[in-house]
Amino acid sequence: MGRMTSTQAARMLNKLPRGTRSVATHIRSGHFPTAKSYRFRFKLSDSPLCSKCNEVDSITNRIFRCRKFDQAGLFLRRRIYGLGLRFEMKYMLSNEEALKSLYEFFKNQHSTHPPASGSST
Ligand SMILES: [Zn+2]
């Protein structure tokens, strides 16, 4: 695990599928287009707050706190622990498999269907 240089990080990102890479980039930059706080800034939404928990709808809120994504968050957490990582952004962002799991986490949120549950690795 350990810290990555930006070159190492870039090299790892280059190997990832495009969707995964763009989620990683969005998370790193803090500009995730579906987060309400981001949409609010560009007047695409009338409130930056999550309708469920009333906290600012940010990436970290979705992953670590929001009740709305409880089930998906739990699933993600299990995947991360399964990789032997701590459930913290800095570790997840420097691990290829963790990034893929993050991508799955967000990909499911784009869909109108509930995230698939019960599947295991
Ligand atoms: Zn929420």
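**Stop 1: the core**

Select Leu76 and Leu102: they have the most contacts inside the largest nonpolar core, a set of 17 residues. A nonpolar core here means buried Ala, Val, Leu, Ile, Met, Phe, Trp, Tyr and Cys residues joined through C-beta atoms within 7 Å. Buried means that 20 or more other C-beta atoms lie within 10 Å of a residue's own; exposed means 12 or fewer, partly exposed is in between, and the C-beta atoms are placed from the backbone. Now colour α2 (18-29), α4 (59-65), α5 (70-82) and α7 (96-110), each of which supplies at least two residues of this core. The largest share, five residues, comes from α7.

Before moving on, keep in mind that this is a predicted model: local features need pLDDT of at least 70 and side-chain atom pairs count only at pLDDT 80 or more, while totals for chains, interfaces and linings use all residues. Residues are numbered from 1 along each chain as its sequence is written.

Stay on Leu102 and show Val23, Ile27 and Met92, which Leu102 touches once residues up to four places away in sequence are left out. Contact means C-beta atoms, placed from the backbone, within 7 Å.

**Stop 2: the whole chain**

Zoom out and switch to cartoon. The protein chain has seven helices and zero strands; these are DSSP runs (helices H or I, at least four residues; strands E, at least two), numbered from the N terminus. Of the 121 residues in the protein chain, 21% are buried. Among contacts with a separation of 6 or more, 36% are between residues 24 or more positions apart.

**Stop 3**

First, which residues of α5 are buried? They are Ala72, Phe75, Leu76, Arg79 and Ile80. Seen down the axis of α5, these buried residues fall within an arc of 135° (taken from the directions from the helix axis to the C-beta atoms), so they line one face of the helix. After α5 comes Gly84, with a positive phi near 80°.

**Stop 4: Met4**

Finally, go to the segment before α1 (6-15), where Met4 is found. Met4 counts as partly exposed because it has 15 C-beta neighbours inside 10 Å. Leaving aside neighbours within four places in sequence, Met4 is in contact with Ala9 and Ser94. Draw a C-alpha to C-alpha distance from Met4 to Asn95: they are 91 residues apart in sequence and 9.7 Å apart in space.

Conventions: Contact = placed C-beta atoms within 7 Å.
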